[in-house]
Amino acid sequence: MNWDWGYAISIMPMLLNGLLVTVVVTLIATAFGLAGGLLLGIVSSMRIPFFSKIADGYVIVFRNSPFLVQLYLIFFALPEIGIVLTPQVSGVLGLGLFISAYMAEVYRAGIASVPVGQWEATTSINLSKFHTWTRVILPQAIPPIIPMLGNYANLAFKLSAYVAVIGTVELFGTALRLGEQSYRYIEPFTLVGLLYLVVSVAATISLRQLEKRMQRNRPQMADL
Amino acid sequence: MDLSWLEASASPLFQGMCTTLLVFFGSIIIATVIGVLVGALRLSRSSIVRGIAWVYVEFFRGVSVIVLIFWAFFVLPLLGIHLSTLVTSWLVIGLNQSAFIAEIVRGGIQAVPRGQIEASIAINLSPLTRLRNIVFPQALPIMLPPYANQLVNTLKETAVVSLIGLADLTFSANELRTHIGHSLEMFLSIGIIYLLLAYLLTQLTKWLETKTRVEPLRGSSANKNRRLSKSLTEGLSS
């Protein structure tokens with residue numbers, strides 16, 4: 001069985017359409033992850049007796065179990081307790097929950113890297129808790145970790161292929177359907193693999209550039 | 001509480017766990033061997049070798065493992081390469097993870113202070129002795145924590161083999177779900193099994209870290225110097 005250029009070209013529009021769905025899934029899940037991760041990171045850093053433990057536990061559980069199992073749990077097991085979600089919603093939700101755990105760790109590291117003197121300064125000028133976070137801590141904690149967050153957005157992109165398993169027709173799901181319909185696997189799977197590769201490598205390279213530029217432009221912090 | 005599901009599923013889940021571990025150990029051996037090799041090639045003096053190693057790493061890090069395993073499973077036979085499901089799983093997960101391990105190895109070696117290498121050249125150590133007695137013992141403790149992370153990632157990644165029909169833990173749970181239901185209990189229990197396995201792996205590598213540490217926990221700079229001179233004299237005597 002050989003490569004058929006005519007067939008390859010004929011399925012390209014469908015695959016590109018699938019890529020669009022993949023990008024949308026990735027973007028929503030990443031936005032979810034950025035917000036959820038920030039919340040978890042802050043709660044974990046604040047050392048509130050009960051809630052910080054919950055946030056830490058969440059991160060440990062979601063980081064140490066397979067994404068596929070989490071996806072199955074959301075899609076197959078939640079209906080048993082009365083929560084029925086469509087494949088699309090389950091997929092995006094699962095991906096978002098998984099990525100939040102990874103991003104929480106990144107946020108936590110960023111928050112921990114803010115010098116203690118900054119905290120002491122906010123206490124000495126009697127700044128409210130809310131303003132301490134929004135005006136002092138987060139503006140210093142977040143910029144250095146942007147490339148790391150980008151890496152996890154890239155991970156979300158690669159992992160988004162898993163949502164095809166529960167029936168979302170994105171890029172990988174399109175290839176699966178095409179394979180089932182035509183019994184031709186060479187073209188759809190190879191093209192899909194290349195599409196993932198191109199987007200992901202392009203993202204990796206531009207993130208590295210961003211990281212380099214940020215290191216050059218890093219403002220010099222006064223010694224405390 | 002109805003526990004009949006547990007009776008019916010304990011044995012298949014145990015067998016599934018054994019398959020998961022089989023896939024894990026095979027993959028991690030392939031990943032470590034190739035990873036160390038490629039990581040070393042990334043630091044080669046020849047820019048062509050460095051370039052090839054870079055392409056290898058970017059390729060296997062960039063491609064999604066689920067896409068790669070389907071490609072290997074469906075397309076390789078069409079190209080005349082017939083591999084069993086287990087071998088396909090080992091190769092796909094092993095090669096994918098080797099790219100990440102290569103980066104860990106490269107980072108670990110690069111983190112060894114330049115002066116160490118210069119010093120060992122100055123006292124005329126052969127490149128192999130330099131690597132074995134100076135660079136590697138100091139790079140190992142740096143590499144172990146991210147390597148531990150990668151072990152857990154590999155374990156999690158093995159779940160993908162269920163999709164090409166290898167009866168691992170995830171596959172068994174999914175099969176049981178279609179036969180006897182109880183999805184919630186089924187997936188929660190395999191989730192806990194994965195968590196326990198990951199915990200065991202982390203403990204194992206923590207133990208290894210204490211074994212390979214070359215300096216005392218609260219090493220002063222005097223201590224550090226003593227350690228460096230010790231590793232240098234060891235290098236000389238061998």
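This report covers the helices of chain B in a predicted model.

## Overall make-up

Chain B has nine helices and zero strands. Read from the N terminus, the order of elements is α-α-α-α-α-α-α-α-α.

Of the 238 residues in chain B, 44% are buried. Contacts in chain B with a separation of 6 or more come to 77% from residues 24 or more positions apart.

## Helix 1 against helix 6

Helix 1 of chain B spans residues 4-41, and helix 6 of chain B spans residues 127-157. Their axes come within 9 Å and cross at roughly 135°. An angle of 65 to 115 degrees would count as roughly perpendicular and one over 145 as roughly antiparallel. The two helices are therefore oblique to each other. The crossing is right-handed.

Helix 1 of chain B brings B:Thr20, B:Phe24, B:Ser27, B:Ile28 and B:Thr32 to the contact. Helix 6 of chain B answers with B:Tyr147, B:Leu151, B:Thr154 and B:Leu155. By class, this contact has five nonpolar, four polar and no charged residues.

Helix 5 of chain B covers residues 114-122. Its buried residues are B:Gln116, B:Ile117 and B:Ser120. Seen down the helix axis, they fall within an arc of 95°, so they line one face of helix 5. An α-helix has 3.6 residues a turn, so residues three or four places apart point the same way.

The face turned away from the buried side carries B:Arg114 and B:Ala122, both exposed. After helix 5 of chain B comes B:Asn124, with a positive phi near 65°.

Conventions: Residues numbered from 1 in each chain as written. Chains lettered and ligands numbered in written order. Predicted model: local features only at pLDDT ≥ 70, side-chain atom pairs only at ≥ 80, totals over all residues. Heavy atoms only, no water. Buried < 20%, exposed > 50% of the residue type's maximum accessible area, 1.4 Å probe, protein only. Helix = DSSP H or I, 4+ residues; strand = E, 2+ residues; numbered from the N terminus. Arc of directions from axis to C-beta. Axes fitted to C-alpha atoms, helices over the stretch in contact; angles between N-to-C directions. Parallel < 35°, antiparallel > 145°, perpendicular 65-115°, else oblique. Left-handed = near helix turned anticlockwise from the far one by under 90°. Contact = heavy atoms within 4.5 Å. Nonpolar A, V, L, I, M, F, W, Y, C, P; charged D, E, K, R; others polar.
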